[in-house]
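Open your viewer, load the model and keep the selection panel at hand. We will go from stop to stop, and at each one you will hear what to select and what is there.

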Amino acid sequence: MTDHDTPPVTLSCDVAICGAGPAGMALAALLAKRGIPAHRIALIDAKTLAQSSADPRSLALSWGSRQILEDIGAWPVAGTAINEIHVSRRGQFGRSMITSTEQGVPALGYVTRYGDIVKALGAVVDAAGIATQRPARVDALDELDDEVILTITDLATGAARSLHAGLVVQAEGGLFNEQQDRAQRRDYGQTAIIAQVRSSRAIAHRAYERFTDEGPLALLPQGEAQLGAHLSAQMGAQVSARSGAHSGTQSGEYSLVWCVRPARAEQLLALDDQAFLAQLGEAFGDRVGRFTYASPRLGFPLGLNADARTTARTVAIGNAAQTLHPVAGQGLNLGLRDVTVLARLLAQGATPQMLAQFTAARQQDRSTTVRLTDTMARVFANNSPAQALLGLSLAAIDMVGPARSVLAELMMYGRR
């Protein structure tokens with residue numbers, strides 16, 4: 001399209017949301033619930049709902065995020081409850097254990113599939129009557145004093161159209177290595193290896209965060225049915241199993257997030273399954289017994305890429321505002337907290353003043369979470385003598401109940 005071409009179709013809305021992932025759809029659903037007419041909300045995404053629903057990635061939802069999804073009407077979601085989180089440092093004395101019983105909640109969080117969250121939110125969006133333009137690509141965005149004009153291409157037909165919006169919310173983040181540089185950017189020199197693994201001696205509903213010289217290694221508990229759903233989505237097998245959000249089914253399945261140096265990641269990805277499992281056992285230890293199975297593995301480069309600034313009529317939320325290291329599993333949870341505040345403010349008026357209030361209201365939680373994950377990703381990923389302090393710190397936290405509660409509060413609810 002040239003600068004002189006005019007799209008043949010012109011639409012208008014109060015709020016245009018670019019990106020129909022969990023954050024984008026949650027925002028659309030909450031805006032409708034808070035009183036913005038569904039026909040004044042536009043949701044745009046390059047993928048179809050079927051494509052997004054087939055995404056097999058596992059996500060950690062905090063207890064606070066469950067409450068947000070309940071408010072939206074998108075709960076229950078198939079998943080496995082996390083009742084304990086075991087944090088340790090490889091080769092160092094000391095560990096910390098956070099439990100849902102001590103914190104007085106049914107679960108610290110849940111492990112679920114990206115695709116399952118998308119399906120649940122998609123049903124709410126459809127029921128609300130919100131117009132979703134997909135598959136569609138935003139080719140241009142022109143911010144004027146009184147509106148933002150988006151030029152959109154329908155990827156199914158190739159047809160172009162123009163959308164006039166009072167405000168635009170960017171909710172499409174993408175992968176770290178594919179993003180444009182933002183104000184706060186750091187390449188961690190780490191690759192996350194993602195897989196589903198099985199062990200011989202699991203403890204039901206316990207998650208592990210284990211720090212190594214190269215980066216954190218997380219094991220998130222998954223029920224047997226979740227593993228089947230993952231394999232079905234990833235391999236195309238006809239597996240019909242499905243677990244409920246409170247399912248206790250557990251036979252040693254975990255979602256693995258193993259952060260290592262890029263060269264090491266290449267070596268691990270090239271290994272056969274048995275050799276890979278042996279290396280995983282060496283890195284993690286024998287707390288869950290012997291690793292006996294691994295699904296096909298994927299690798300993703302890791303970095304921090306964040307910018308909390310807004311313009312008069314545009315704002316970014318979730319991964320589009322702050323791409324974080326996966327340590328402590330805060331990315332989606334921080335994004336859903338963005339959603340709740342933005343929906344509350346825009347329900348009072350879809351105006352530039354409300355966007356400014358949003359930025360101010362979210363500054364503390366965002367900056368605290370960015371600092372926390374950035375520090376954990378950098379400081380604890382080496383073999384310096386200072387690493388002994390991490391073990392001592394974990395031991396101290398484990399002995400002091402209030403300290404555990406502060407850490408648990410940050411993980412479940414963010415900075416409040």
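Start by selecting H205, which sits in the loop between strand 12 (184-199) and strand 13 (206-211); helices (H or I, at least four residues) and strands (E, at least two) are DSSP runs, numbered from the N terminus. This is a predicted model in which local features need pLDDT of at least 70 and side-chain atom pairs count only at pLDDT 80 or more, while totals for chains, interfaces and linings use all residues. Residues are numbered from 1 along each chain as its sequence is written, and side-chain values use heavy atoms, with hydrogens and water left out.

Check the backbone of H205: its phi is positive, about 65°, although H205 is not a glycine. Most residues other than glycine have a negative phi, and most peptide bonds are trans. Is H205 buried or exposed? It counts as buried, at 13% relative accessibility; buried means under 20% relative accessible area, exposed over 50%, and partly exposed in between (1.4 Å probe, protein chains only).

**Another positive phi**

Now move to A328, in the loop between strand 19 (322-323) and helix 9. Phi of A328 is near 70°, a positive value in a residue other than glycine. At 15% relative accessibility, A328 counts as buried.

Select helix 9 (residues 331-346) and pick out D338 within it. How accessible is D338? Its relative accessible area is 0%, so D338 is buried.

Show the side chain of R362 as well, in helix 10 (residues 352-379). The side chains of D338 and R362 make a polar contact of 2.7 Å. Here a polar contact is a pair of N or O atoms within 3.5 Å; within protein, one must be able to donate a hydrogen and the other to accept it, and residues adjacent in sequence count only if both atoms are side-chain atoms. R362 counts as buried too, at 4% relative accessibility.

Next, display what surrounds this pair. Leaving aside neighbours within four places in sequence, D338 is in contact (heavy atoms within 4.5 Å) with I317, G318, Q322, F358, R362 and R366.

Select helix 1, residues 22-33. At 1.5 Å times one less than its number of residues, this helix of twelve residues should span 16 Å, and its end C-alpha atoms are 16 Å apart, which agrees. Helix 1 is mostly covered, with ten of its twelve residues buried; among them are M25, L27, L30 and L31. After helix 1 comes G35, with a positive phi near 115°.

Now select I72. Apart from neighbours within four places in sequence, I72 is in contact with A26, A29, L30, K33, L121 and V124. Which residues have the most contacts inside the largest nonpolar core? They are I17, L27, L31, I72, I317, L342 and L346, in a core of 66 residues. A nonpolar core is a set of buried Ala, Val, Leu, Ile, Met, Phe, Trp, Tyr and Cys residues joined through side-chain atoms within 4.5 Å. Apart from this one lies another core of 20 residues, including A195, L256, L268 and F276.

**Two cis peptide bonds**

Go to W75 and P76, where the joining peptide bond is cis, with omega near 10°. P76 is in the loop between helix 3 (63-72) and strand 4 (80-82). Then select R134 and P135, also joined by a cis peptide bond, with omega about -5°. P135 lies in the loop between strand 8 (131-133) and strand 9 (136-143).

**Cysteines**

Show C18 and C13. The closest cysteine sulfur to that of C18 is in C13, 9.2 Å away, too far for a bond. The count of disulfides (pairs of cysteine sulfur atoms within 2.5 Å) comes to zero. C18 is buried, with a relative accessible area of 6%, and C259 counts as buried at 2%.

**Zoom out**

Finally, color the whole protein by secondary structure: there are twelve helices and 19 strands. Buried residues make up 54% of its 416 residues.
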